Protein chains: 2
Amino acid sequence: MAKFPKIPEATIRRLSSYLKCMVDLESKNEKVASSAVIANICNVNAAQVRKDFAYFGEFGIRGMGYNVKDLKRHIKEILGINREWRIAVIGVGNMGSALLVYKDFLKQNYKIVAAFDLYPEAVIGRISERVGKPVEILHIDRLKEVVQARNIEIGIITPPPTEAQKVADQLIEANIKGILNFSPAPVRTTGNVKLRNLFFTSALDNLVYYLSN
Amino acid sequence: MAKFPKIPEATIRRLSSYLKCMVDLESKNEKVASSAVIANICNVNAAQVRKDFAYFGEFGIRGMGYNVKDLKRHIKEILGINREWRIAVIGVGNMGSALLVYKDFLKQNYKIVAAFDLYPEAVIGRISERVGKPVEILHIDRLKEVVQARNIEIGIITPPPTEAQKVADQLIEANIKGILNFSPAPVRTTGNVKLRNLFFTSALDNLVYYLSN
DNA sequence: CCTTTTATTTTCATATATGTAACAATTCCG
DNA sequence: CGGAATTGTTACATATATGAAAATAAAAGG
């Protein structure tokens, strides 16, 4: 999509946070926000905020600040989330089934269009009676077929640690573009399949370190 | 606890990742691991690995590598997770109830000793028939009382965005030490209550940016 | 309608933090 | 005891954050 010079990774990380901030301000009917306001909400330095945006153009109005709606649109465009992304969830345990009905994904154009498990029958009981059936749970053998048929680009995986790499390999084989790994096990990707890990305990570890020191 | 000179934040983040790596290697009965092996698993530079550990002492053996068990113990000690941390979960929706039975917390000495919700009765149906009752679900009005009675130091919050700040304030009022926020809403803490956010969509946003660019 | 003031961005300069590479020092093993 | 392996450490390079000056749009006042 858009081609930007050389954007710090740290800036990209913060953009998500700014976006959440914009959504929040919009819900409060704020029309404009200064870098100082945004910085305060996001717990960063105001100069940082301005510099981050300046990488992508001149979005602000001197003397005024940033237009909330515009900025939100800009950030979405920069991140590439101004369109729908089709996602599969693999591993429908407790965490996986919570993700299937996670409302925030939908709000942001992240659409879960398939779910897979080794024991689909066992899963049915777990989620259907509570939240209806958001998507049909398929056997993992159908992964490749369905990923291709449904144009799925991202796989969110929540398998037991021992299965994590196997599942990742199956996704790679199915020509997935990116994997978001919730399983606390090291996973490796090949080709140019992008990987992000989301470890709950790491967030706690980090918190605890700063509580202890 | 331990007093170290000045450790980069980035190093602290990686320590969690190294720890997972050690757990994995241990489960595979590996006794020692070189910085190169660790680096490979954790997707970082080998020099980085050595430097990270060197901040805290000389844990390795030249010519050999690092003893897996020892290193694991050292990392836990550095992070402060060589003891039990008592945690409360506030907001027992789909995500909250998944967290209540999340096995990885237990493995790492993170113990959820209380759960709170605005509608405890409504929650019972949701989780009890599936996974038993890991902890009793209490009304949020009892937060302060129970946090103090049970020596709870950390609160994990998963409320609807509109309630996030209110819940955080109640925890602060209850003298909590740290908050891990799963709710996609800006939350602020006062005093020296530490806050970490864990946003699912941010992980996806990041992935998508690098898929698009 | 022009001028001044004010708030705030943009841009540039500087400081700090982090990552990488190179190498001497150490240990193991045959 | 010599060679192969791998760490600990220092020096360098890059990335990121912060601060301060210059620019400019809007609002206020005459």
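This is a short tour of a predicted two-chain model, stop by stop.

**Before you start**

Residues are numbered from 1 along each chain as its sequence is written, and chains are lettered from A and ligands numbered from 1 in the order in which they are written. Because this is a predicted model, local features need pLDDT of at least 70, side-chain atom pairs count only at pLDDT 80 or more, and totals for chains, interfaces and linings use all residues, while side-chain values use heavy atoms, with hydrogens and water left out.

**Stop 1: both chains**

Show chains A and B together. Chain B can be laid on chain A with an RMSD of 0.1 Å. That takes a turn of 180° and a shift of 0.0 Å along the axis. (The superposition is by least squares on the C-alpha atoms of residues with pLDDT of at least 70 in both copies.) The two copies are thus related as by a two-fold rotation axis. The same surface serves both copies: 100% of the contact residues of chain B recur in chain A. Contact means heavy atoms within 4.5 Å.

**Stop 2: where a helix of A meets a helix of B**

(A crossing is right-handed if the near helix is turned clockwise from the far one by less than a right angle, and left-handed if anticlockwise.)

Now show side chains. On H10(A), look for Thr201(A), Ser202(A), Asp205(A), Asn206(A), Tyr209(A) and Tyr210(A). They meet Glu9(B), Ile12(B), Arg13(B), Ser16(B), Leu19(B) and Lys20(B) of H1(B). By class, this contact of H10(A) with H1(B) has four nonpolar, four polar and four charged residues. (Ala, Val, Leu, Ile, Met, Phe, Trp, Tyr, Cys and Pro count as nonpolar; Asp, Glu, Lys and Arg as charged; the others, Gly among them, as polar.)

**Stop 3: H1 and H4 in chain B**

H1(B) and H4(B) pack at about 145°, with their axes 9 Å apart. This crossing is left-handed. The H1(B) side of the contact includes Leu15(B), Leu19(B), Met22(B) and Val23(B), and the H4(B) side includes Leu71(B), Lys72(B), Ile75(B) and Lys76(B). The contact of H1(B) with H4(B) has 12 nonpolar, one polar and four charged residues.

Which residues does Lys72(B) contact, leaving aside neighbours within four places in sequence? They are Leu19(B), Met22(B), Val23(B) and Glu26(B). The C-alpha atoms of Lys72(B) and Leu19(B) are 5.9 Å apart, although 53 residues separate them along the chain. Lys76(B), also in H4(B), touches Leu19(B), Ile81(B) and Asn82(B), not counting residues up to four places away in sequence.

**Stop 4: the three-stranded sheet of chain B**

Three strands form an open antiparallel sheet in the order S1-S3-S2. (Two strands pair if DSSP finds at least two bridges between them.) S1 (32-33) and S2 (60-61) stand at the edges, each with a single partner strand, so one side of each lacks a neighbour in the sheet. S2(B) pairs with S3(B), residues 65-67, over two bridges. Find Gly60(B): it stands opposite Tyr66(B).

**Stop 5: the six-stranded sheet of chain B**

Here the order is S6-S5-S4-S7-S8-S9, with parallel pairing. The twist averages 25° from one strand to the next. S8(B), residues 178-181, pairs with S9(B) over four bridges. Asn181(B) stands opposite Asn197(B). Helix H9(B), residues 164-173, lies across S4, S7 and S8, at about 170° to S7(B). Bring H10(A) back: H10(A) lies across S4, S5, S7, S8 and S9 of chain B, at about 165° to S9(B).

Conventions
Axes are lines fitted to C-alpha atoms, for helices over the stretch in contact, and angles run from 0 to 180 degrees between N-to-C directions.
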